[in-house]
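Trainee: I'm new to this one. Could you walk me through it, one feature at a time?

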Amino acid sequence: MFSVVFLLALLAFSVTGSPVEVRNSTITLPMTRRLAFSNVTDLLRHDEARLVAFGEYSTRGRRGADTLPHPTVPLSQVDLGMQGYTVRVGIGNPPTYYDLFVDTASAITWVGAALPYFSSSGVNTNVPVAVDYPFGTFQGTIWEDAITFSRRVSIARMDIGVASAMQDIDIAADGVLGIGPTSSGRGTLPNSRDQMIPTVIDRLVEQQTITRPVVGIFFEPTVANGDNNGELCFGGTNPRKYIKRLEYTDITAIRPSSFHWGINQWIRYANIEILAYSPGIIDSGCTFLYLATDAYERYRAATGGTLNPANGLLQISLQQYNELSNLEFQIAQRILRFVPNAQIWPRSLNHKIDGGDNDIFLVVKSLTTPTGAGFNFVNGYVFLQRFYTVFDSGKRRVGFAPTLFTEASTN
């Protein structure tokens, strides 16, 4: 079995240096980038593992099994991966500090992947938890314990998964901090598959630390290791991190996208309709931008990209790059423009994907399934690093706004 090293994370972010900021019922956590992936094969395998979970939903949807609210491999069970960001949190009283990957698609928070769980204040509920990743598994129990973000911000009682057994999981973090929709926790408790585990956001609202179940995420595109370039905001947004107003769109009603941070959007390139109005998923855990096969082929033809057999990415020449048009995402009433530089892989990282120094690779890939599967796109990390993104579980909507780095030429 492939031992992913779950390499965590192509682009990982950890809270360091700057203190937690609390203002106007919001909590902001700074995040710092790390580079910790070794090759494109593992990077793509990670993304493909997450897409397998989405595919489980699609298969059930095509069979009309609407009474089954979760797949056999819940998305929360493939959340660890090549790209992500971590926060340093304390667990217990007094706290032991853990570096946890923040996951926008998972509800469960768990520890024990690297640093063992140790707390004199925790209470073992004896409720089993089991997570089966495509490349490994962990089993354990749910404990109730305190979580500390700073001296001023903590959760008095949080349901935490504590791993007691793992197989083929080797990650560069101590566990996961789940801030996805509460429904994404279905399927992780073997004795009660439909039971949903409260998220960190749920608990912060419950104890009135924040007033709204909202998470704002910001990070600027960069290729340097250690840049303090990200921010996680609980309870609202940080207007200093985006320009123009936020544009919101409701969570789609179409399954399986509706089980996650799923929205409807159009995609156009140089007046060519790449993807008609249809559902898909916003997922920080996937690195690339994925399109249904027919939409991908339209994009490939429009850009002139050719598949590079060494890394599976579309490659273009310098002349073709200079002729690239914006890739436009229409979400609700706003058009978000993915400029040419946003559509390419950072050239300074070409050595990580079997490319030459001057090669140019596109970050758009195929889902391998055609439109009509219930999710026709996945807007991954390469998309999210260009736009401020807001996940509002209370109003079941997702918001976007441009930032000062939307049109950056970092790549």
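**Reading rings, charges and strands**

Mentor: Buried means under 20% relative accessible area, exposed over 50%, and partly exposed in between, using a 1.4 Å probe and protein chains only. Keep in mind that this is a predicted model, where local features need pLDDT of at least 70 and side-chain atom pairs count only at pLDDT 80 or more, while totals for chains, interfaces and linings use all residues. Residues are numbered from 1 along each chain as its sequence is written, and side-chain values use heavy atoms, with hydrogens and water left out.

Trainee: How many aromatic pairs does a search of the whole structure find?

Mentor: Rings of Phe, Tyr and Trp (its six-membered ring) pair if their centres lie within 6.5 Å; planes under 30 degrees apart count as stacked, over 60 as edge-to-face and the rest as tilted. Searching the whole structure gives 14 aromatic pairs. In one of them, Trp266 and Tyr277 have ring centres 4.4 Å apart and planes at 40°, so the pair is tilted.

Trainee: Where do Trp266 and Tyr277 lie?

Mentor: Helices (H or I, at least four residues) and strands (E, at least two) are DSSP runs, numbered from the N terminus. Trp266 is in strand S14 (residues 262–269) and Tyr277 in strand S15 (residues 272–282), so the pair ties together parts eleven residues apart in sequence. Tyr277 is partly exposed, at 46% relative accessible area.

Now try Tyr269 and Tyr299: their ring centres are 5.8 Å apart and their planes at 80°, so this pair is edge-to-face. Tyr269 belongs to strand S14 and Tyr299 to helix H3 (residues 293–303), so the parts tied together are 30 residues apart in sequence.

Trainee: Are Tyr269 and Tyr299 buried or exposed?

Mentor: Both are buried.

Trainee: Which residue has its charged end over the ring of Tyr321?

Mentor: A charge sits over a ring if NZ of Lys or CZ of Arg is within 6 Å of the ring centre and within 35 degrees of the ring normal. For Tyr321 that residue is Arg347, 5.3 Å from the ring centre. Likewise, Arg397 lies over the face of Tyr248, at 3.6 Å from the ring centre.

Trainee: What is the strand order in the open sheet of three strands?

Mentor: Two strands pair if DSSP finds at least two bridges between them. Here the order is S17-S18-S21, with antiparallel pairing. S17 (306–307) and S21 (360–361) are the edge strands, each with a single partner, so one side of each has no neighbour in the sheet.
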